[in-house]
Amino acid sequence: MEPSASRQELLFQFHGTPPLGTSVSLALQHLVAMIVGCVTPPIIIAGAIGLSQADRVLLIQASLVMSAVSTLLQLFPIGKRFGSGLPVILGVSFAYVPSMQAIAASGGGVSAIAGAMLVGGIVAIIVGIFVKKIRLLFPPVITGTVVFTIGLSLYPTAINYMAGGTGNTAEAVAAKSLPEALVYGSWQNWLVAALTLTAVLVLNHHGKGICKLASILLGMLFGYVVALCFGMVSFADVGDAAWFSLPRLLHFGITFDAPSCIAVGLLFAINSIQAIGDFTATTVGGLNREPTDSELQGGIIAYGASNILAALFGGLPTATYSQNVGIVTTNKVVNRTVFTFAGAFLLLAGVSPKFAAVLTTIPQCVLGGATVTVFSTIAMTGMKLIASQDLTARNTTIVGLSAALGVGISQASAALSQFPAAVTMIFGKSPVVIATLMAVLLNLILPKEK
């Protein structure tokens with residue numbers, strides 16, 4: 001039997017079996033860091049589409065299960081071209097939320113999102129096959145601009161949630177016999193959101209260890225307790241939820257809407273390039289080397305294929321999670337057993353409709369108070385990528401003009417009212433599409449500075 005000291009050292013190697021207790025605790029650390037980010041997008045999209053309680057639970061369930069499957073496919077590659085074989089965690093990505101909200105606003109449901117995901121998955125596979133050539137089109141100034149624009153586009157979502165959610169009008173709350181405290185814009189909503197945000201900030205900046213790492217989760221728990229005191233939480237639907245159930249194949253169906261497919265397909269291309277950054281940060285920070293071409297290619301191809309699978313089972317788009325990459329670069333733990341446990345815990349959470357039903361009881365003001373920090377972090381991550389390059393006149397033009405046109409047109413989408421509806425759907429609903437296209441175009445045509 002191996003000495004405990006040498007087994008502990010296996011934590012810093014990809015293969016091997018480290019001590020069980022340590023592996024489980026480190027896996028829970030990864031789970032805590034990503035679980036809020038994984039469940040919030042399906043909750044937001046379910047609200048935007050107006051799904052029934054049963055379908056809300058199914059959407060959250062499928063998203064958790066497919067996040068686990070996507071993670072495990074990366075950890076246990078099939079051959080050399082399907083999976084990265086790197087210690088990464090995948091989960092439902094906020095990057096797709098603005099486009100999915102646009103699909104919901106245009107009358108498309110989960111089926112339209114699934115159709116766009118199928119196309120996006122194919123796009124990601126193509127990017128993976130030609131990754132060495134395509135990545136040259138996306139230097140940090142481009143990916144930084146896109147990530148920054150995504151963060152900016154999510155701010156209105158956070159503010160609307162802090163106020164209680166736009167769907168909770170006085171008439172809607174009265175019709176559902178819900179407490180008046182849930183009415184959009186009520187002082188109770190703003191108070192709970194502010195207290196949740198305060199708790200997150202205090203824990204993040206003054207907490208240590210697990211308190212700092214799980215600041216968003218603990219802040220949400222605090223806000224949840226405050227909301228309970230205001231009578232803003234109802235468990236009426238939790239009792240009816242089953243303890244165990246698997247996601248259903250094609251439960252929401254699949255429909256193809258060309259504008260939605262174009263918008264989401266472009267995001268998949270961008271996120272494929274973004275994944276290169278996460279894979280590189282993981283290998284450099286945890287394994288002290290650059291990723292190989294086969295690891296990058298296999299990782300992106302598996303990312304595309306797992307999203308096609310997620311579309312079939314009613315999940316939402318997944319991507320690599322940078323917060324978990326941050327944990328790897330901090331503690332240097334890269335053992336596959338740890339990440340397998342994290343994926344297994346995620347899978348267990350996903351196959352329990354009871355767990356998903358409890359998540360639907362979280363008031364929107366609590367989600368808003370917690371996620372506004374996440375969205376601000378996304379925007380600042382984009383800024384860091386941009387600032388990693390020299391802020392020359394050329395680069396500032398690319399960033400400033402791309403963000404201005406992307407955000408400006410999405411905020412005044414009526415400016416495209418004389419164009420066909422498809423044009424408005426592709427270019428007017430989410431700022432990410434125009435910002436991406438402009439950034440790539442300007443990077444190609446503006447003369448390089450000497």
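**Helix packing and buried contacts**

The helices named here are DSSP runs (H or I, at least four residues; strands are E, at least two), numbered from the N terminus. The structure is a predicted model, in which local features need pLDDT of at least 70 and side-chain atom pairs count only at pLDDT 80 or more, whereas totals for chains, interfaces and linings use all residues. Residues are numbered from 1 along each chain as its sequence is written, and side-chain values use heavy atoms, with hydrogens and water left out.

Two packed helices are described by the angle between their axes and the distance between the axes. Here an axis is a line fitted to C-alpha atoms, for helices over the stretch in contact, and the angle between N-to-C directions runs from 0 to 180 degrees. For α12 (residues 258–287) and α19 (residues 421–428), the axes come within 9 Å and cross at roughly 20°. The two helices are therefore roughly parallel to each other; that label covers angles under 35 degrees, while over 145 is roughly antiparallel, 65 to 115 roughly perpendicular and the rest oblique. Pro-259, Ser-260 and Ile-262 of α12 meet Ala-422, Met-425 and Ile-426 of α19, contact meaning heavy atoms within 4.5 Å. By class, five of the residues in this contact are nonpolar, one is polar and none is charged. In that scheme Ala, Val, Leu, Ile, Met, Phe, Trp, Tyr, Cys and Pro are nonpolar, Asp, Glu, Lys and Arg are charged, and the others, Gly among them, are polar.

Within α19, the buried residues are Thr-424, Met-425, Ile-426 and Gly-428. Buried denotes under 20% relative accessible area, exposed over 50%, and partly exposed in between (1.4 Å probe, protein chains only). The cover over these α19 residues includes α4 (97–105), α12, α18 (393–411) and α20 (431–445).

Helix α20 also holds Thr-436, which counts as buried at 2% relative accessibility. Residues up to four places away in sequence aside, Thr-436 touches Val-146, Leu-266 and Ile-270.

The crossing of α9 and α17 is right-handed. On the α9 side the contact is made by Asn-189, Val-192, Ala-193, Thr-196, Leu-197, Val-200 and Leu-201, and on the α17 side by Cys-365, Val-366, Gly-369, Ala-370, Val-372 and Thr-373. These residues divide into nine nonpolar, four polar and no charged.

Further along, α17 contains Ala-379, which is buried at 0% relative accessibility. Ala-379 and Gly-144 are 235 residues apart in sequence, yet 8.8 Å apart in space, C-alpha to C-alpha. Not counting residues up to four places away, Ala-379 touches Val-147, Phe-148, Gly-151, Leu-152 and Tyr-155.

The largest nonpolar core has 120 residues, of which Leu-64, Phe-94 and Ile-378 touch the most other members. Helix α2 (residues 20–49) gives the most to this core, with twelve residues. A nonpolar core is a set of buried Ala, Val, Leu, Ile, Met, Phe, Trp, Tyr and Cys residues joined through side-chain atoms within 4.5 Å. With residues up to four places away in sequence left out, the contacts of Phe-94 include Gly-37, Ile-44, Leu-154, Phe-375 and Ile-378.

Asn-288 sits in the loop between α12 and α13 (293–312) and, at 67% relative accessibility, counts as exposed. Ser-111, by contrast, lies in helix α5 (residues 110–129) and is buried, with a relative accessible area of 16%. Ser-111 touches Phe-252, Gly-253, Ile-254 and Thr-255, residues up to four places away in sequence not being counted.

Notes:
Left-handed = near helix turned anticlockwise from the far one by under 90°.
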